Amino acid sequence: MSRTGHRPRKTPFAVRQAEIAVERIGGQGDGVGSLDGRPVYVPATVPGDRLSVRIVSTKGDGLAGEAIELLAAGPDRVEPPCPHFGPCGGCALQQLRDETYAEWKAGLLREALAKRGLRETVLKPLARVAPGSRRRVRFAAGTRGRQVTFGFHQRDSHAVVDIEHCLLLLPALDRLIGPLRSGLEGMLAPGGHAALEATTTEAGIDLLIEQPGNPPDTAMRTRLAALADRLDLARVSWGRPAELPEPIILRRPPAITFGGVAVALPPGAFLQPSREGEALLLAEAQAALEGAERIADLFAGCGSFSLPLSKAAKVHAVEGDKAATDALQAAVKRANIGHRLTVERRDLERAALQPVELKRFDALLFDPPRSGAKAQAEALARGGPPLVVAVSCSPASFARDARILVDGGYRLDWARPVDQFPWSAHLEIVARFSR
């Protein structure tokens, strides 16, 4: 504040037009050029593009630009395969030649590690999951007058892009787009919005509707039941954002099998986005943990690693989410494998396993959310088992946690990038540490 007690006025950003040449792809998938010594980030561009752009705002250390006209195309530019590419914020890199895209994707991990002084890490080749394999998707829905718009958000916006198909999804999910759009007509108030998370399970599609406001009334529940019957959905649940969902219609209990054991999934349960990606991560983890007899599986979710690993070792699964731990514990009880797999509910961000607790394990696997496992990595560095396998969905938080482990005496033996999210800036990693 100024000395008079008034807040100084913000100087409005002066929108202007400029011509730039794109030099590289940035970490979020934007093309990056320069203007007046500052980086300019322009979506849906490739190195070598020369463009007329509108500079619309600041962005981090640089400027955000919008392409007005492509004056000359870079050598790696291709025709995007999806007609919704550009307005839809689901994909960022369909315009980039595939070989160049793969090099850039693998480079995200290399650059993140280099920033933490881990340049000499052995990087395995990029493992890739093909489009058309996603089993879990989060749609956005809104209204324009009485009409429902259904698809995905625009990039950096709450506006919903209406789509007909998505190349990333399993056919069963792709076929839902039109019916869900029409099924929501009359369920969303003018100006209303909702998020719909659909997951393919062994019992059919599990649908979670997240929406602010009051729970569905009797009339709405009747309409949702009719929608579930018409689309043969296994379950429909409703919840407010960040609150525990309520199952509205249960026609068949949704379940997924991990390591030969069926787990009844709670509404909105976390799963790897594809079966193929899950199998890639599991195969790397199993190979890295071969010979271990007592394994701690941290951030265990519903048991996608714990259950397969428990076939060859004793596993202790730790997870903070109550619904996930309840589901895993129930699966363990039904399969009568409590002698091989134990389950503990614990918030590992606030109460990481400490060295005295870690002594009973000869190996550990952790698969944290995007924010990483900083507190747990610090505890491991003070006294963890001789073998650690890390699975991550963020190169930046993985590199931070890797630096902590290396500074604590671990070696980063190797890391493998896994592209489960084609045409996006998201990257999975699996890595092995030892000492």
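Modeller: First, the terms for a lining: Ala, Val, Leu, Ile, Met, Phe, Trp, Tyr, Cys and Pro count as nonpolar, Asp, Glu, Lys and Arg as charged, and the others, Gly among them, as polar. This is a predicted model, in which local features need pLDDT of at least 70 and side-chain atom pairs count only at pLDDT 80 or more, while totals for chains, interfaces and linings use all residues. Residues are numbered from 1 along each chain as its sequence is written, and side-chain values use heavy atoms, with hydrogens and water left out.

Colleague: What makes up the lining of the second largest pocket, by residue class?

Modeller: The lining holds 10 nonpolar residues, 3 polar and no charged. Those are the 13 lining residues, and Met187, Gln211, Pro216, Met220 and Trp238 lie nearest the centre. The pocket has about 160 Å³ of space.

Colleague: Why is one space called a pocket and another a cavity?

Modeller: The difference is whether the probe can get out. On a 1 Å grid over the protein atoms alone, a cavity is a set of points where a 1.4 Å probe fits but cannot get out; a pocket is an open set with protein on both sides within 12 Å along at least five of seven lines. A residue counts as lining if it has an atom within 4 Å of a point. Grid points are joined across faces, edges and corners, and the volume is the space filled by probe spheres set on them.

Colleague: Why is Cys82 called buried?

Modeller: Buried means under 20% relative accessible area, exposed means over 50%, and partly exposed is in between (1.4 Å probe, protein chains only). Cys82 is at 14%, so Cys82 counts as buried. Cys393, at 16%, is buried as well.

Colleague: What makes Tyr101 and Trp104 an aromatic pair, and of which kind?

Modeller: The structure holds 4 aromatic pairs. In this one, the centres are 6.4 Å apart and the planes are at 35°. Rings of Phe, Tyr and Trp (its six-membered ring) pair if their centres lie within 6.5 Å; planes under 30 degrees apart are stacked, over 60 edge-to-face, and the rest tilted. Therefore this pair is tilted. Both residues lie in helix α1 (residues 98-115), 3 residues apart, about one turn of the helix. Helices (H or I, at least four residues) and strands (E, at least two) are DSSP runs, numbered from the N terminus. Tyr101 is buried at 2%, and Trp104 is buried at 11%.

Colleague: Why is the pair of Phe398 and Phe433 called tilted?

Modeller: The planes stand at 55° and the centres are 6.3 Å apart, so this pair is tilted. Phe398 is in helix α10 (residues 395-407) and Phe433 in strand β23 (residues 428-434), so the pair ties together parts that are 35 residues apart in sequence. Both are buried. Elsewhere, Phe139, Phe150 and Phe152 form one aromatic cluster.

Colleague: How do you know that the charged end of Lys124 sits over the ring of Trp414?

Modeller: That end is 3.8 Å from the ring centre. The rule asks for NZ of Lys or CZ of Arg within 6 Å of the ring centre and within 35 degrees of the ring normal.

Colleague: What makes the phi of Ala242 worth a look?

Modeller: Most residues other than glycine have a negative phi. Ala242 has a positive phi of about 70°. Ala242 sits in the loop between β13 (235-239) and β14 (246-250), and is exposed at 89%. Trp423 also has a positive phi, near 65°, but Trp423 is buried at 16%. Its loop runs between β22 (411-419) and β23.

Colleague: Is Glu284 buried or exposed, and where does Glu284 lie?

Modeller: Glu284 is at 10%, so it is buried. Glu284 is in helix α5 (residues 275-288). Glu284 and Val430 are 7.1 Å apart, C-alpha to C-alpha, yet 146 residues apart in sequence.
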